[in-house]
Amino acid sequence: MASLNLLQEGQSYTFRSYFEMPYEADEILAEFGYTLNTARIKLPQATQSFDRLPELQQRLEEVLPLVQLSSKTARRETM
């Protein structure tokens with residue numbers, strides 16, 4: 001992906017500034033030479049058993065792909 005020059009030289013940016021930009025996350029990351037990868041990660045597991053964990057996992061997997069972090073609603077919620 002070619003650099004889009006989204007950031008202005010000499011300009012100071014806060015963490016919040018990036019969320020207020022009208023650009024997609026992958027475009028902002030490209031400015032710094034990074035790429036955005038979305039994948040399932042393996043985290044450490046507890047030894048304790050949780051009765052409703054399979055239902056929670058299924059629900060999260062159903063809902064998370066529908067969440068767009070760059071939507072107008074998501075931007076509004078950060079303000």
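1. A word on accessibility before anything else: buried means under 20% relative accessible area, exposed means over 50%, and partly exposed is what falls in between (1.4 Å probe, protein chains only). With that in hand, Glu 20 is partly exposed, at 41% relative accessibility.

2. Some ground rules for reading this one. This is a predicted model, where local features need pLDDT of at least 70, side-chain atom pairs count only at pLDDT 80 or more, and totals for chains, interfaces and linings use all residues. Residues are numbered from 1 along each chain as its sequence is written, and side-chain values use heavy atoms, with hydrogens and water left out.

3. On confidence: pLDDT is the predictor's confidence in each residue, from 0 to 100. The protein has a mean pLDDT of 81, with 76% of its residues reaching 70 or more. Helix 2 (residues 25-31) has the highest confidence, at 89, and helix 4 (residues 72-77) the lowest, at a mean of 63.

4. Read from the N terminus on, the elements go α-α-α-α.

5. A contact means heavy atoms within 4.5 Å; among contacts between residues at least 6 apart in sequence, 47% join residues at least 24 apart.

6. The surface comes next. Accessible areas are from the Shrake-Rupley method with a 1.4 Å probe, and for residues only the protein chains shown count as cover. The protein exposes about 7,600 Å², and carbon and sulfur atoms supply 55% of that.

7. One nonpolar surface patch, of about 480 Å², is made by Phe 50, Leu 53, Leu 56, Leu 60 and Leu 64. Patches are made of residues with over 30% relative accessible area and no salt bridge, with like charges joined within 9 Å and nonpolar side chains (Val, Leu, Ile, Met, Phe, Trp, Tyr) within 5 Å. Leu 60 sits in helix 3 (residues 53-63) and is partly exposed, at 42% relative accessibility.

8. Which charged residues pair up? A salt bridge is a side-chain nitrogen of Lys or Arg within 4 Å of a carboxyl oxygen of Asp or Glu, and the count comes to three. Arg 16 bridges to Glu 20, with the closest N and O atoms 2.6 Å apart. These two are four residues apart in helix 1 (residues 15-20), so about one helical turn separates them. Arg 16 is partly exposed, at 38%.

9. Arg 40 forms a salt bridge with Glu 61, with the closest N and O atoms 1.8 Å apart. This pair links distant parts of the chain, 21 residues apart: Arg 40 is in the loop between helix 2 and helix 3, and Glu 61 is in helix 3. Arg 40 is exposed, with 63% relative accessible area, while Glu 61 is partly exposed, at 42%.

10. In the Arg 59 to Glu 62 salt bridge, the closest N and O atoms are 3.7 Å apart. Arg 59 and Glu 62 are three residues apart in helix 3, so about one helical turn lies between them. Glu 62 is partly exposed, at 42% relative accessibility.

11. Last, the aromatics. Rings of Phe, Tyr and Trp (its six-membered ring) pair if their centres lie within 6.5 Å; planes under 30 degrees apart count as stacked, over 60 as edge-to-face and the rest as tilted. A search of the whole structure turns up three aromatic pairs, and Tyr 13, Tyr 18 and Phe 32 make one aromatic cluster.
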